[in-house]
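Opening the notebook on this one.

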Amino acid sequence: MLLEQEKDNKKPFFNTAYPIVETFHSIQGEGFWAGYNAFFIRLAGCDVHCPWCDQKETWSTKNYPLLTAEKLLALVQKINTEHIIITGGEPLLHNLDNLTQTLQNSGAKLHIETSGAYPFSGYFDWVTFSPKTYKIPHESIYDRVSELKVVIDNEEDLIWAESQVKKIKSNVPKYLQPQWNNPDSQELIFQYILQNPQWRLGLQTHKLLGVR
Ligand code: SF4
């Protein structure tokens, strides 16, 4: 179950500590920065509830330790990276102002991977926007998008993807990513991109390599 205050997207609140599922040092497997060394911070909590989600263990904030922004900065400073990627769960369920202000002291670029389902917070160098039909994005995301990544499970998702393109800047890189559990989605995307060259194929190369 989510905390009561986390359910209400009209009430962003100031966080000093964050429920953390995991932190790890790896290589970004997808999108524009694929192949780059990065430190990942995975926050708990998501009520978007995509049926094919491969991170269902992140939906609840229960049983995860609360780490302060300073503690997370100390973890980052132990490793050698130029990119910090804040992901989830749905990270915008939390107010990220304090966390991102603190992490700026690391000197690394700050990225977020979000469905945009909650009002935007925090200060980022790169915003990966992955909108979901299961919880319509908050309008505050659209001016901030650095790249668009839409997971495709069926043909209706392609219509959804095009509807989101209309709301972002025209020069934003756009990826269609197969739903990992549906092999048919690969062929659907392949054929669609042949007809719609503004899109790129988005692959989860970390899954192909068997790493996080
Ligand atoms: S938004 Fe992300 S974490 Fe939340 S249910 Fe969908 S895929 Fe899973």
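Predicted model: local features only at pLDDT ≥ 70, side-chain atom pairs only at ≥ 80, totals over all residues.

For accessibility I call a residue exposed over 50% relative accessible area, buried under 20%, and partly exposed in between.

I started with phi, since most residues other than glycine have a negative one. Asn63 does not: its phi is positive, near 70°, and Asn63 is not a glycine. I found Asn63 in the loop between β2 and β3. Its relative accessible area is 77%, so by the cut-off above Asn63 is exposed.

His49 is another non-glycine residue with a positive phi, about 55°. His49 also belongs to the loop between β2 and β3. Buried or exposed, or partly exposed, for His49? With a relative accessible area of 40%, His49 comes out partly exposed.

The bond from Gly88 to Gly89 is cis, with omega near 15°. Gly89 itself is placed in the loop between β4 and α3 (97-103).

**Ligand site**

Which residues surround the ligand? I listed Cys46, Val48, His49, Cys50, Trp52, Cys53, Trp59 and Gly89. By residue type I get six nonpolar, two polar and no charged. I also checked the pockets: the ligand takes up the space of the largest pocket.

**Sheet**

I traced an open sheet of nine strands with mixed pairing, in the order β3-β1-β2-β4-β5-β6-β7-β8-β9. The edges are β3 (66-68) and β9 (200-201); each has a single partner strand, so one side of each is left without a neighbour in the sheet. Further in, I looked at β4 (residues 83-87) and β5 (residues 109-114), which pair in the parallel sense over four bridges. For Ile85, the bridge partner in β5 is His111.

**Leu43**

Last entry. Leu43 is in strand β2 (residues 37-43). Its relative accessibility is 0%, so I put Leu43 down as buried. What does Leu43 touch, leaving out residues up to four places away in sequence? My contact list has Tyr18, Pro19, Ile20, Val21, Thr58, Ile86, Thr87, Gly88, Gly89, Pro91, His94 and Leu96.

Note on methods. Residues numbered from 1 in each chain as written. Heavy atoms only, no water. Helix = DSSP H or I, 4+ residues; strand = E, 2+ residues; numbered from the N terminus. Buried < 20%, exposed > 50% of the residue type's maximum accessible area, 1.4 Å probe, protein only. Contact = heavy atoms within 4.5 Å. Near = heavy atom within 4 Å. 1 Å grid on protein atoms, 1.4 Å probe; cavity = no way out; pocket = protein on both sides within 12 Å on 5 of 7 lines; lining within 4 Å. Sits in = over half its atoms within 2 Å of the grid points. Nonpolar A, V, L, I, M, F, W, Y, C, P; charged D, E, K, R; others polar. Pairing = 2+ DSSP bridges.
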